[in-house]
2 protein chains.
Amino acid sequence: MITIKDIANRLGIAPSTVSKGLNDANDISPELKKLVLDTAIEMGYVTKRMKKETRKRLCIFVENMQYEMPGDFGFDIILGFKQAAVRDNWEVIIVPMTPLLQLHDPYDRYMVKNNFHGGFLIGFALKDPWITQLASTTIPTVLFDNYIRKNPNVAYVGTDSFEGIDLAVDHLTKLGHTKIALLNGSPDSMVTVNRYDAYASSMQSHELEIDEKLVAYGHYVEDSAKYHLPTLIKNGATAILCGNDLLAVGVIRECERLHIRIPQELSVVGFDNLPIAEEISPALTTISQNRIDLGRNSYASLYWLIAKVPISRSLLRPSLIVRSSTGTHMAMDKTKNG
Amino acid sequence: MITIKDIANRLGIAPSTVSKGLNDANDISPELKKLVLDTAIEMGYVTKRMKKETRKRLCIFVENMQYEMPGDFGFDIILGFKQAAVRDNWEVIIVPMTPLLQLHDPYDRYMVKNNFHGGFLIGFALKDPWITQLASTTIPTVLFDNYIRKNPNVAYVGTDSFEGIDLAVDHLTKLGHTKIALLNGSPDSMVTVNRYDAYASSMQSHELEIDEKLVAYGHYVEDSAKYHLPTLIKNGATAILCGNDLLAVGVIRECERLHIRIPQELSVVGFDNLPIAEEISPALTTISQNRIDLGRNSYASLYWLIAKVPISRSLLRPSLIVRSSTGTHMAMDKTKNG
């Protein structure tokens, strides 16, 4: 049980001063009052008055995404968000979400009812009820990988797809590839559209032909790869850029089944740098999003939205992690080809 | 002259506790120590030890831009930056810059020599020596309206041109305009390229033809307007989107000279919402960038770069300020046309 004396000892001030801080006395500075309260909360001391006060609360809503275990895509995003938010003394609540739950309460009503000052939405689909409602929400809201037009209360955070894809095309062309395919995710997602645009723009800037027969759309799951792989190879692909790591893992596993050697017969690049990218054999070359930083940047954007700064989008730079799934194609390797 | 007693009174603690804080004693908490020091600095108290310490410093470099008077484009950007930075106890120095000065010291050497932890550059041209050097700088740096590829130490902040131009095209099409011209700025600027792309994309989404005869490039100064206005009107323009307010002011003044009535014979839209947009007659409809918010967002991006979060770009939403320079064209107005 924490006492006033414990707080006084911790701060190196008199217990009477701590009392003043906790009881909102006038002969103590606002700054010291804040410090006494912060320390009391941190040490778990609760006054009657504090029990009545509600802390400032933010909510993270998670849908279609694993987040509970280290290594899950959402885990580090949430961790980074919480680490940054706690310094400003926000309470952060995590709420798993489904389309059905969204039908129960409109977004704004849910937020007001639960006394949330701002929301961070990850993993939502474009056709979710709440995403539609965000066009006119008055609640400061940050969306991961989704963009809402013309509402100054909503910001989009994510990774700069253009720069990520360009790093990968750069790497593959330096290895001699020209027939670079794109195995993309679901066509109804903004990220999918961005990644296609990035692919087209990067191929063009590398003076490579954009061949629509080398572009396929599936879903962001491993199983999706096997339907498209044979066609892409038949159409001449020597390298495949995948919309995410799960698709790339699907390609690697299907190649194993079909006895296609990676990277000698096919180079594969993922997107996300999930733990599986390192564990699979051959280890996956992939475009890395730092998910702790994504979380920190999401909190920062929400902080500024709450302060009425109309952040539209805030994107991070990705990096390319080169592992064993990319290399020179054997047809280009003259020593083996002779 | 500020004394230890003054600080003690302000904080509501004993002078002996203030002394402990100022002298880095061990029997006082780090939090209270920080509060004592912050308050001492704020009140102007300087200890011998503090004299030796250098405060954390950021630098704002300004080129090609007025910033000293309220109303100048750079004034509010710098003000917003300083307001946000001071809360984290940064010292902010303003340095006017020229290409010649940039030849004297490379950017990184200048920053290290002057003990700056980060830089914010506004108004620089793409061919400036320092802009070239930013491709490989190790100093956290934020650029206003300029983008450097692939360096995680540099972030781009600005306004979402796409959304701004789209608001203007929306407004003009609702007034009945279809022949909407673009009078853009210097072709060697990234903002110019963005604004053309935004114009093309918005015209397309409004199902309007993109007629290259209705697109002109000048410079971001008033004088540039008169060379292009007659051609744009001859080619059928009933409305002109201008790359900034100065170009729009040039169009309005040239129309006055040529007895072209605004908005009956020509609608004009600016970009920036400078004070002159309100003062000129007719008052200018324009796309507004909130410059205080641009400054705050620039500081926030620099803060995160210094914390090693690789912000790539962070953009704000603009708004459209409708004034008297836009309206229905008389040829579309059936009551006048009969």
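Predicted model: local features only at pLDDT ≥ 70, side-chain atom pairs only at ≥ 80, totals over all residues.
**How much touches**
- On each side of the interface, 40 residues take part: 40 of chain A are in contact with 40 of chain B.
- The size of an interface is often given as the accessible area lost when the parts come together.
- Here, the area buried between chain A and chain B is about 3,500 Å², and carbon and sulfur atoms give 51% of it.
- Lys150(A), Trp304(A) and Arg317(A) supply 21% of the area that chain A buries against chain B, which is more than any other three residues.

**Polar links and the side of chain A**
- Between chain A and chain B, 30 residue pairs are in polar contact, counting pairs with both residues at pLDDT 80 or more.
- Several elements of chain A each supply at least two residues of the side that touches chain B, among them helix 3 (30-43), helix 14 (291-306) and strand 11 (311-316).
- Strand 11 of chain A gives the most to that side, with 6 residues.
- The residues on this side of chain A divide into 19 nonpolar, 7 polar and 14 charged.

**Strand meets strand**
- Strand 11 of chain A and strand 11 (residues 311-316) of chain B run antiparallel and are joined by 5 bridges.
- In this pairing, Leu316(A) stands opposite Ile311(B) in strand 11 of chain B.

Terms used. Residues numbered from 1 in each chain as written. Chains lettered and ligands numbered in written order. Heavy atoms only, no water. Contact = heavy atoms within 4.5 Å. Buried area = accessible area lost by both parts, 1.4 Å probe. Polar contact = N/O pair within 3.5 Å; in protein donor to acceptor, adjacent residues only side chain to side chain. Helix = DSSP H or I, 4+ residues; strand = E, 2+ residues; numbered from the N terminus. Nonpolar A, V, L, I, M, F, W, Y, C, P; charged D, E, K, R; others polar. Pairing = 2+ DSSP bridges.
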